[in-house]
Amino acid sequence: MSRSAKTASLLFANPTKSNQDMVLQLVIDDVVIFQSGLLTPGNRVTTLNLLDGAEKRLADGGYDGKFVVLYYNRASGERAMVNTEIPVSVTVTE
């Protein structure tokens, strides 16, 4: 993650065989650092912009965080009751 560029580099995909849309969040210390738009099956993200002010909350170094994956019904757009949390290591640079 680059604080000066206010971006994060990653690779996350919603598998082609998925039957749900997804939104990806990065959470560090209970704060959402970035959030993707809606990822339909077969789509992926490799760079996301940090949320406003997120770069000020983090100093350079390593952090334990988590990806939170929110699921949405493709037909109705309704958010599912369950989500997935994936532990990740985050490196922050200037």
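Lys 6 is found in the segment before S1, where strands are DSSP runs of E with at least two residues, numbered from the N terminus. The phi of Lys 6 is near 55°, a positive value in a residue other than glycine, and at 42% relative accessibility Lys 6 counts as partly exposed; here buried means under 20% relative accessible area, exposed over 50% and partly exposed in between, with a 1.4 Å probe and protein chains only.

The model is predicted, so that local features need pLDDT of at least 70 and side-chain atom pairs count only at pLDDT 80 or more, whereas totals for chains, interfaces and linings use all residues. Residues are numbered from 1 along each chain as its sequence is written, and side-chain values use heavy atoms, with hydrogens and water left out.

Strands S2 and S3 run antiparallel and are joined by 4 bridges, at least two bridges found by DSSP being required for two strands to pair. They form a hairpin with 2 residues between them, and Asp 29 in the turn has a positive phi of about 50°. Asp 30 lies in the loop between S2 and S3 and has a positive phi of about 65° although it is not a glycine; Asp 30 is exposed, with a relative accessible area of 74%.

A search of the whole structure finds 2 aromatic pairs. Rings of Phe, Tyr and Trp (its six-membered ring) pair if their centres lie within 6.5 Å, and planes under 30 degrees apart count as stacked, over 60 as edge-to-face and the rest as tilted.

| Pair | Centre to centre | Angle between planes | Type |
|---|---|---|---|
| Phe 12 and Phe 67 | 6.1 Å | 70° | edge-to-face |
| Phe 34 and Phe 67 | 6.4 Å | 50° | tilted |

Phe 12 in strand S1 and Phe 67 in strand S5 are 55 residues apart, while Phe 34 in strand S3 and Phe 67 are 33 residues apart. Phe 12 is buried, with a relative accessible area of 12%, and Phe 67 is buried at 14%. Phe 12, Phe 34 and Phe 67 form one aromatic cluster.
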